[in-house]
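This briefing is meant to be read beside the sequence and the coordinates of a predicted model. Please keep both in view while going through the points below.

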Amino acid sequence: MTTASEPLLSVRGLRVVLGGRHILHGVDLDVAPAGVTALLGRNGAGKTTTVRGVLGLVPRTGSVRFAGTETVRLATHDLVRRGIGYAPEDRGVFAGLTVAENLRLAERPGAGTPDYPLVHELFPELKARARQSAGTLSGGQQQMVAIARTLLNGNRLIIADEPTKGLAPRVVTEVALVLERAARAVPVLLVEQNLALVRRLADSCVVLADGRTAHRGPAADLLADTGATRRLLGVGSNSPAHEEADA
Ligand SMILES: Nc1ncnc2c1ncn2[C@@H]1O[C@H](COP(=O)(O)OP(=O)(O)OP(=O)(O)O)[C@@H](O)[C@H]1O
Ligand SMILES: [Mg+2]
C-alpha cells in the first residue's frame, strides 16, 4: 500500500537495450499520487522507451515500483490489471469505429463495471458524439477518446505520451482542458514537449537526456530557469511554443 507522501510510481536505474543498442542507461523518476508529473526531453531522449519500459512493453532492468509493489518482472497484462492506463503516442483510436465502439473495446474484463458516469461527467462531448465515427472527430476530440479509454477501468495512473503532438495551437488548448479534467480524477504521467502545457498542468517534472535522467524537480522551477530549459530541452522559456497553451 502507498502512503500519502510515497510516490505512486517510482522508477530507479531503468535500463533498456533494443536491437543491441543501449537506449536507456539509468532513468529515475517519481510520479506523485495526485496531479500531473511531466516527462520531458528532446526528440530521441528516451521518453517513449521509458514509458514502454514501465509498462513492460520492452525488456528492462532496474526497479519499477507501482503502488508499493516491485513490478519490473511483471508482464504488461499484470501491470494493466494493477491499474495503469496508457494513451500511446499515436492515440490508437480506431478511425472506422464510432466513439461508443472505441470505448466499448477498451472495457477491461475483471475491472468491474466500466466507469461511464466518470467519462461522461468529464467529457460530455463524447456522450453527445457516441455514434460519430472516430475518424471524423477533431484531433482534440480523438485525444479525448484516447484519455477517456484510460478512465473507464478504474485505473490508478494514466500515462499519456505526447497527447498534443502535431495539433494546432487551438486544439492544444482543448487537450490541455481534457488532461486537466482527467488529472482531477487520476494522477497523470504526461510526456510532453509543449512547455506552455507543462507550465499550466504539471506540478513536478523529470527531464531525460540521452537515455538518462538529467533533471528532476518542481516544474515551475525548471520553467523559470531559461538557461536550464535551453541546456536540457534546447528551447528558451520565452519561446513561442512556451506560450501556445495560454493563447
Ligand atoms: N525498437 C528500437 N530499436 C532500436 N532503437 C530504438 C527502438 N526504439 C527506439 N529506439 C531509439 O531509442 C532512442 C529513444 O527513442 P524514444 O522513442 O524513446 O525517444 P523519445 O524521447 O520518445 O522521442 P520523441 O520525442 O521523438 O518521441 C532513439 O534514438 C530511437 O531511435
Ligand atoms: Mg516519444
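Y86 has its place in strand β6, which covers residues 84-87, and in this predicted model Y86 is buried, because 23 other C-beta atoms lie within 10 Å. Once its neighbours within four places in sequence are left aside, Y86 is in contact with L55, T150 and I159. Y86 and T49 are separated by 37 residues in sequence and by 13 Å in space, taken from C-alpha to C-alpha.

**Helix α1 and its end**

- Helix α1 is largely enclosed by the rest of the structure, since seven of its eight residues are buried.
- The buried residues of α1 are K47, T49, T50, V51, R52, G53 and V54, and T49 is also part of the surroundings of ligand 1.
- After α1 comes G56, which has a positive phi, near 75°.

**The shell around ligand 1**

- Ligand 1 is surrounded by L18, G19, R21, I23, G41, N43, G44, A45, G46, K47, T48 and T49.
- Two elements, β2 (21-31) and α1 (47-54), each supply at least two residues of this shell, and α1 gives the most, with three residues.
- Divided by class, the shell around ligand 1 consists of seven polar, three nonpolar and two charged residues.

**Packing of α6 with α7**

- The axes of helix α6 (residues 139-151) and helix α7 (residues 169-185) come within 9 Å and cross at roughly 15°, and α6 and α7 are therefore roughly parallel to each other, as angles under 35 degrees count as such.
- The crossing of α6 and α7 is right-handed.
- On the α6 side, G139, G140, Q143, M144, I147 and L151 take part in the contact, and they meet V171, E174, V175, V178, A182 and A185 of α7.
- By class, this contact of α6 with α7 holds eight nonpolar residues, three polar residues and one charged residue.

**Packing of α3 with α6**

- Helix α3 (residues 99-106) also packs with α6, at an angle of about 30° and with the two axes 9 Å apart, and α3 and α6 are therefore roughly parallel to each other.
- α3 passes α6 in a crossing that is right-handed.
- The residues V99, N102, L103 and A106 of α3 meet V145, A148 and R149 of α6.
- The contact of α3 with α6 divides by class into five nonpolar residues, one polar residue and one charged residue.

- A67 is not a glycine, yet A67 has a positive phi of about 50°, and the residue lies in the loop between β4 (61-66) and β5 (69-70).
- A67 counts as partly exposed, because 18 C-beta neighbours lie inside 10 Å, whereas a buried residue would need 20 or more.
- D210, likewise not a glycine, has a positive phi of about 50°, and D210 is found in the loop between β9 (202-209) and β10 (212-218).

Technical notes:
Residues are numbered from 1 along each chain as its sequence is written. Chains are lettered from A and ligands numbered from 1 in the order in which they are written. This is a predicted model: local features need pLDDT of at least 70, side-chain atom pairs count only at pLDDT 80 or more; totals for chains, interfaces and linings use all residues. Helices (H or I, at least four residues) and strands (E, at least two) are DSSP runs, numbered from the N terminus. A residue is buried if 20 or more other C-beta atoms lie within 10 Å of its own, exposed if 12 or fewer, and partly exposed in between; C-beta atoms are placed from the backbone. A residue is near a molecule or strand if its C-beta atom, placed from the backbone, lies within 6 Å of it. Ala, Val, Leu, Ile, Met, Phe, Trp, Tyr, Cys and Pro count as nonpolar, Asp, Glu, Lys and Arg as charged, and the others, Gly among them, as polar. Axes are lines fitted to C-alpha atoms, for helices over the stretch in contact, and angles run from 0 to 180 degrees between N-to-C directions. Angles under 35 degrees count as roughly parallel, over 145 as roughly antiparallel, 65 to 115 as roughly perpendicular and the rest as oblique. A crossing is left-handed if the near helix is turned anticlockwise from the far one by less than a right angle, and right-handed if clockwise. Two residues are in contact if their C-beta atoms, placed from the backbone, lie within 7 Å.
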